[in-house]
Amino acid sequence: MPREGQAFPELGCYGLAGHSETPADLIDEVRLAEELGVGSVFLSERFNLKDAAVLVGAAVAASTRIGIGTAATNHTTRHPIVTATMATTAHRMSGGRYAFGLGRGFDRLFEVMGMPPITSAQIADAVGLYRRLWHGEMVLGHEGPAGSFPFLHQDAAFDEDIPVLLTAIGPRTLRFAGAHADGVVLHTFLTDETLARAVATIRAGAADAGRDPAGVRIWSVLATVEDSIDEELRLRKLVGRLATYLQGYGEVIVRANGWDLAVLERFRQDPLVQGYSGAFDQVGTTEELTYLRDEVLPAQWLAASATGSAEQCARRIADQLAAGADSVVLHGATPTELAPVLEAWRAIRPHDDLAGLPTNPGWARGRPA
């Protein structure tokens, strides 16, 4: 079992936020996050230097108390036995602190990789297989949306309760996540109103599936860029990050927020954006990002974040909880950058309202810590 939990179980951060050339940095990041009291560290996957299984192993080895979540990998990139083994290994190694996370990924990327797009039916089928394997079942002659598998088995003695996280943005995926997942990780740059709608949609999906709506732990994801960070880095973390999302799958975010698609089209038709070689949050210059902030992107879109002083960022955390989220991922910031925000949050944190949150980021209140 994990040792005594963290000071802020309701807060999380991402390890190796954004792009990284030095994945070993994760070790010190996890140690510092745990020291600061951050409740969970989330690990995304990119097909360069961010393999989910390797990062999870490093995070587990570097920590003793903090929750660890994959958010996210894809069920299509590994055989079900390989994925199930990754999760059971992390579960046992961490003493139950690990939550396994899946997402849809990007259709265009999968297309050029020669892989089919991911559907909800596939995810539901894959999750069902993992859960059966984690509880010691032998699966024979499986034919389903996730694939054809003559024989799947890990260990008949297994009885592992491993929570499943799903990342979600659109209403259909949100409802699906409520019906099938133990926890849901939302997306960055959602307005408070959009967050409240997303929470309601997830809980309605759970209720319609005959599940306890309060039994699904919902994580909002709040871009957090505090004033003490260098200006160039602030631009990269805020303007560059939003612009990169808009480059890749802007329609999803814009539709979710009810923003004007015509503004997205003007962004994409801007001479700077057209044919831009690379992601703005990785290669954008100060001049380019300042131009996007001042001339192209609406201030309302950038305001769906936490910026300003540490106290202002802490109040934005409170806004996320008031909108219905159970927990908040402070996105895009390293533990070092989050330190002043955590101190400001400590001063206004509603202790009684946050009692009972488990260490594992995939479990809601009522589960063992």
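Visitor: Is Leu 16 buried or exposed?
Guide: This is a predicted model, where local features need pLDDT of at least 70, side-chain atom pairs count only at pLDDT 80 or more, and totals for chains, interfaces and linings use all residues. Residues are numbered from 1 along each chain as its sequence is written, and side-chain values use heavy atoms, with hydrogens and water left out. Buried means under 20% relative accessible area, exposed over 50%, and partly exposed in between (1.4 Å probe, protein chains only). Leu 16 has a relative accessible area of 4%, so the label is buried.

Visitor: Where does Leu 16 lie?
Guide: Helices (H or I, at least four residues) and strands (E, at least two) are DSSP runs, numbered from the N terminus. Leu 16 has a positive phi near 50 degrees without being a glycine. Its place is the loop between strand E1 (8–14) and helix H1 (25–36).

Visitor: What is the phi of Phe 189?
Guide: Phe 189 sits in the loop between strand E8 (183–185) and helix H7 (192–208). With a relative accessible area of 1%, Phe 189 is buried. Most residues other than glycine have a negative phi. Phe 189 is not a glycine, yet its phi is positive, at about 65 degrees.

Visitor: Is the peptide bond from Ala 71 to Ala 72 cis or trans?
Guide: Ala 72 is in the loop between strand E3 (67–70) and helix H3 (80–94). Most peptide bonds are trans. From Ala 71 to Ala 72, omega is near 5 degrees, and the bond is cis.

Visitor: Which residues of the largest nonpolar core touch the most other members?
Guide: A nonpolar core here is a set of buried Ala, Val, Leu, Ile, Met, Phe, Trp, Tyr and Cys residues joined through side-chain atoms within 4.5 Å. The largest one has 103 residues, and those touching the most other members are Phe 100, Leu 186, Phe 267 and Leu 292.

Visitor: Which helix gives that core its largest share?
Guide: In soluble globular proteins, nonpolar side chains tend to be buried together. For this core, the largest share is 11 residues, and they come from residues 231–257, helix H8.

Visitor: What is Thr 88 in contact with, leaving aside its neighbours within four places in sequence?
Guide: Thr 88 lies in helix H3 and counts as buried at 5% relative accessibility. Contact means heavy atoms within 4.5 Å. On that basis, the partners of Thr 88 are Trp 134, Gln 154, Phe 158, Glu 160 and Ile 162.

Visitor: Is Glu 111 buried or exposed?
Guide: Glu 111 belongs to helix H4 (residues 107–113). Its relative accessibility is 60%, so Glu 111 is exposed.

Visitor: What separates the C-alpha atoms of Glu 111 and Asp 326?
Guide: Along the chain, these two are 215 residues apart.

Visitor: How many helices and strands are in the chain, and what is its radius of gyration?
Guide: The chain has 14 helices and 11 strands. The radius of gyration is taken over C-alpha atoms, and the globule rule is 2.2 Å times the number of residues to the power 0.38. That rule gives 21 Å for 369 residues, and the chain comes close to it, so it is as compact as a globular protein of that length, with a radius of gyration of 20 Å.
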